[in-house]
Amino acid sequence: MIFITSYENPDLDGIACSIAYLELLNNEGKSAEAVYYGELGLEVEFVKQYTKYFPVEKHMGDFPLNSQFVLVDAADPDELEKTVVPEKVIEIIDHHPLVFTDTFINASKTIELVGSCATLMTERLQRERFIPSKEAAIYLYSAIISNTANFKNPITTERDRRAAEYLKSLVQLPDDYVKQMFGSKSKLTQENLYHVIFQDFSPKPINGKRVGIGQIEIINLDETVTKLWNDIVLVLEKIKREDKLDYVFLVGIDLLRGHTMFISIDEESRTLFSKALSIPDLKTKHTIDFIMMRKQVWPKVDAILEG
């Protein structure tokens, strides 16, 4: 049995690629299942409700002994379910630089720096001359739009645009679909704030220190942060304490305005990220007029702490 999966608490990109690859393998007559572990974000839930289609099972417990794995939008062994055996991974499809080549010794690897893993999956389907279901096409299209922030993210490539255009030609979506989708994950409240931040929070050990970076991607970022500021501070303090972090940071992306807000709640974290981002006067809430995702921040932090 081939299990297709992504990292814990997968985002829309990982789920979309899991669904599309499941359809491709099933079409080839291969025994496969798409699985996830952790929790699903608001954006995934929106597309799930919109399409009424979700052929991905939440995984619990161990995998069968004869299992093989395909990783999509994931290549870091620290982010995987512990029952996923690296030696049994047969394929990796990801759009981040792979630095764990020796870990996945039996896997074929498609690692290409585009805006979304869904772009790589769409290109794969096109090469195989396989047309996905309309529901899978909506998932893939939505993932590209999400990852590229509707093409405002500087990491967007022409390949992302072509893939999205092709997928959009396979389905009929309302004119305000993107606004609906972005709005679905922008409904932050005092009650769901911890879940939303924790669901997309990434801790990482670097040279003896533990660093955690969260990310929220919403519309009306400035207004939401102002309204929930005290709660945001409390959530980040709680995560820092529970995860035993030395540094904690939050990256906020405004999906419609196309800017980024960096949030730091303590002087030590602010000093580190000030150096990493080359912003000498980094404020507690610091806005830049372009999009910088967490994945672009991590290498800068690595360079400071490893240096």
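A: The model is a predicted one. Five strands make up an open sheet, and their order is S7-S8-S9-S10-S11. The pairing in this sheet is mixed. Its edges are strand S7 (201-206) and strand S11 (285-288). Each of these has a single partner strand, so one side of each is left without a neighbour in the sheet. From one strand to the next, the twist averages 20 degrees.

For Phe262, the bridge partner in S11 is His286. A helix also packs on the sheet: H10, residues 267-277. H10 touches strand S8 (209-218), strand S9 (247-254) and S10. The direction of H10 makes about 60 degrees with that of S9.

The helix pair consists of H4 (residues 134-147) and H5 (residues 158-168), which pack with their axes 9 Å apart and at an angle of about 150 degrees. Because angles over 145 degrees count as roughly antiparallel, H4 is roughly antiparallel to H5. Their crossing is left-handed. On the H4 side, the contact involves Ala137, Leu140, Tyr141 and Ile144. These meet Asp160, Ala163, Ala164, Leu167 and Lys168 in H5. By class, the residues of this contact are seven nonpolar, no polar and two charged.

Definitions and conventions. Residues are numbered from 1 along each chain as its sequence is written. This is a predicted model: local features need pLDDT of at least 70, side-chain atom pairs count only at pLDDT 80 or more; totals for chains, interfaces and linings use all residues. Side-chain values use heavy atoms; hydrogens and water are left out. Axes are lines fitted to C-alpha atoms, for helices over the stretch in contact, and angles run from 0 to 180 degrees between N-to-C directions. Helices (H or I, at least four residues) and strands (E, at least two) are DSSP runs, numbered from the N terminus. Angles under 35 degrees count as roughly parallel, over 145 as roughly antiparallel, 65 to 115 as roughly perpendicular and the rest as oblique. A crossing is left-handed if the near helix is turned anticlockwise from the far one by less than a right angle, and right-handed if clockwise. Contact means heavy atoms within 4.5 Å. Ala, Val, Leu, Ile, Met, Phe, Trp, Tyr, Cys and Pro count as nonpolar, Asp, Glu, Lys and Arg as charged, and the others, Gly among them, as polar. Two strands pair if DSSP finds at least two bridges between them.
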